Amino acid sequence: MSKILLEISNLKKSFEHSRGSITLFANFNIKIKEGELVALVGPSGSGKSSLLHLLALLDEPSSGKIIINNKEIKNLTDIQKDNLRRETVSIIFQDNNLLTDFTAIENIMMPLVIRGEDKKKTKEKAYKILKDVQIFNRSGHFPNELSGGEQQRVAIARALIAETKLILADEPTGNLDFKTSKEIFSLFLKLKKLKKTIIFATHNRELANKADYKLFISDGNIKRVNAR
Ligand SMILES: Nc1ncnc2c1ncn2[C@@H]1O[C@H](COP(=O)(O)OP(=O)(O)O)[C@@H](O)[C@H]1O
Ligand SMILES: [Mg+2]
């Protein structure tokens, strides 16, 4: 039996606007296990990014509980949150993923550099991962010298090197052609084999249907839907 990595109970998120409050979701309950690949789907503006931000500890719920790797977020100090994020969570966005002043290889090394790990070993690891994501010949390039697909590969390589248990991806293939999207998705399958949990927001039905299951957000509700 796989372990539970993420436990969400009674989660609610609302935003106050000048014309009243909108509730993106309420009473959301789910347990997500290690090694699960979950697609987050729903129309634009339904709350996919907002949910990912909550899980990345970048925002706070209106009410409810989030437990990541047995730690209840509400009980953590800011420093403990930073540590949990650094050790347990990787985030991949649609774009603007990379630090523009650093080369591909330096971007990939970054999570381990921040953790203070040995530079030489980190570099060796980064080059190996660069091979895995098939952009070995781009190691010295800066982000603006890379295509969208290459940038996403670097972002995923950075998640791979960090070896975090939870990987959150917000429309990671949104700007990519279908062939490249599929290649990026195959890296998610690799991560799943390594028992990582991946939650990715997408508008791509075909990729969503390849997940273990879907979370469908709309009209203030999140429903679990089995993928085909
Ligand atoms: N910081 C914020 N303050 C107020 N409203 C917000 C904020 N962030 C998001 N929203 C609103 O929440 C809704 C959901 O946004 P979002 O989570 O980005 O949706 P999605 O990622 O599914 O397109 C939108 O109507 C958006 O305007
Ligand atoms: Mg979004």
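**Reading the calls in a predicted model**

Reader: What makes this predicted model agree with a compact globule?
Author: With 228 residues, a compact globule would have a radius of gyration near 17 Å, and the protein comes out at 18 Å, which agrees. Along the principal axes, the C-alpha atoms fill a box of roughly 50 × 45 × 40 Å.

Reader: Which share of the contacts joins residues 24 or more positions apart?
Author: Take the contacts with a separation of 6 or more: 70% of them are between residues 24 or more positions apart. As for secondary structure, the protein has 7 helices and 10 strands.

Reader: How much of the protein counts as buried?
Author: That's 49% of the 228 residues, where buried means under 20% relative accessible area. The accessible surface comes to about 12,000 Å², and carbon and sulfur atoms own 47% of that.

Reader: Why is the pair Arg 85 and Asp 82 called a salt bridge?
Author: The cut-off is a side-chain nitrogen within 4 Å of a carboxyl oxygen. Arg 85 and Asp 82 have 3.1 Å from N to O, so the pair qualifies. They sit 3 residues apart in helix H2 (residues 78–88), which puts about one helical turn between them.

Reader: Is Arg 85 buried or partly exposed, and how do you know?
Author: Partly exposed: its relative accessible area is 22%, and the buried class is for values under 20%. Asp 82 has 35%, so that residue is partly exposed too.

Reader: What makes Glu 117 and Arg 115 a salt bridge?
Author: Their closest N and O atoms are 4.0 Å apart, and the limit is within 4 Å. Glu 117 is partly exposed at 35% relative accessible area, and Arg 115 is partly exposed at 27%.

Reader: How do you know that Glu 206 and Lys 210 pair up?
Author: Their closest N and O atoms lie 3.8 Å apart, so they pass the 4 Å limit. Glu 206 has 35% relative accessibility and Lys 210 has 40%; exposed would need over 50%, so both count as partly exposed. Elsewhere, Arg 153, Lys 179 and Glu 183 are joined into one network by salt bridges that share partners.

Reader: How many salt bridges does the structure hold, and how many charged side chains are there?
Author: There are 13 salt bridges. The protein carries 38 positive and 27 negative side chains, with the centres of the two sets 5 Å apart. Side chains of opposite charge can pair when their charged atoms come close.

Terms used
Residues numbered from 1 in each chain as written. Chains lettered and ligands numbered in written order. Predicted model: local features only at pLDDT ≥ 70, side-chain atom pairs only at ≥ 80, totals over all residues. Heavy atoms only, no water. Helix = DSSP H or I, 4+ residues; strand = E, 2+ residues; numbered from the N terminus. Rg over C-alpha atoms; globule rule 2.2 N^0.38 Å. Buried < 20%, exposed > 50% of the residue type's maximum accessible area, 1.4 Å probe, protein only. Contact = heavy atoms within 4.5 Å. Areas by Shrake-Rupley, 256 points an atom, 1.4 Å probe, with all protein chains shown as cover. Lys, Arg positive; Asp, Glu negative; His and termini not counted. Charge placed at Lys NZ, Arg CZ, Asp CG, Glu CD.
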